[in-house]
Amino acid sequence: MGTGRLGLLLDQFDITRERAQVRLTGLGDEEYLWEPVPGSWSIRRRAEATTPRAYGPGDWVLDLGAPDIPAGEYAEVARQAAAGMTVAKIADDWSVSVERVEQILDHTGPPEPDRTAVTTIAWRLGHLHSGFAGGREWTFGARRRDPRQMVDFTPSAALALDRFWADVDRWRDSVAEVTDEQLDTVGFSQYPYGSDPDDPFVDVLWGTNLEFIHHMAEIALLRDLWQARGSSRA
């Protein structure tokens, strides 16, 4: 196991990548696009997109709904406010109005009604891919390209995985060269969707690892559900 902050974060990342790649072995197109419930968020042809902010540069786009804060995140919003984050900053991070955040904090707004999306494996993988590609562009690259226009989504599981692992490895190789000074630099990452510009880079790396781990865990569960579909208990 590595030593120091960067070494530990890289080791965690590498173990996650290794286990995730094993867990994704054998992923086929039908399973990749399988909707656990009708209307699950997925990738779709641009003309067939059903969510208002679906994005991507090509013929296939990744579902994204209207901006709001899911009910399951209300406690996190309260924690952020209690820790000193301004309402304006919370609103900006979630792409919602200041008034919406104030409603949640004051318990005066309606709870988010069942908008927590069930997703396909294709969506989870595409979401992660956008994050890694955009994270590298806005940390180590030219900081010009919109992360939501950097990944050419595809209905082919094999092609999606090839492209995904290539960008994951580019991110990892770049991170491995980061210095201690850069780890402590606020705004070393300027990734435009989230709080990266306001955070030390070590916090960004920690958050990226967490994102990788939790989405891969969700993909693993979707694979289990795919295998168990149609079965019933005796």
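I first checked what covers the buried residues of helix H5. The cover includes helix H3 (74–82) and helix H4 (87–94). Contact here means heavy atoms within 4.5 Å. Helices are DSSP runs (H or I, at least four residues), numbered from the N terminus.

The model is predicted: local features need pLDDT of at least 70, side-chain atom pairs count only at pLDDT 80 or more, and totals for chains, interfaces and linings use all residues. Residues are numbered from 1 along each chain as its sequence is written, and side-chain values use heavy atoms, with hydrogens and water left out.

Which residues of H5 are buried? I found Arg100, Val101 and Ile104 in this helix, which runs over residues 98–106. Because they cover an arc of only 100° around the axis, they sit on the same side of H5. The arc is that of the directions from the helix axis to the C-beta atoms. Buried means under 20% relative accessible area, exposed over 50%, and partly exposed in between (1.4 Å probe, protein chains only).

Next I turned to the face of H5 that points away from its buried side. Glu99 and Asp106 are the exposed residues there. After H5 comes His107, and its phi is positive, near 60°.

Then I looked up the second largest pocket. Its volume is about 170 Å³. A pocket is an open set of points on a 1 Å grid over the protein atoms alone, where a 1.4 Å probe fits, with protein on both sides within 12 Å along at least five of seven lines; lining residues have an atom within 4 Å of a point. The volume is the space filled by probe spheres set on the points, which are joined across faces, edges and corners.

Which elements give two or more residues to this lining? I noted helix H1 (4–23) and helix H9 (201–228). H1 gives the most, with six residues. Among the lining residues are Gln12, Arg19 and Met216.

Last, the rings. I counted 15 aromatic pairs (Phe, Tyr and the six-membered ring of Trp, centres within 6.5 Å). The ring centres of Phe140 and Phe201 are 6.1 Å apart and their planes are at 85°, so this pair is edge-to-face, a label for planes over 60 degrees apart. Phe140 lies in the loop between helix H6 (121–137) and helix H7 (157–175), while Phe201 is in helix H9, 61 residues apart.

Phe201 has 0%, so it counts as buried.

Technical notes
Rings of Phe, Tyr and Trp (its six-membered ring) pair if their centres lie within 6.5 Å; planes under 30 degrees apart count as stacked, over 60 as edge-to-face and the rest as tilted.
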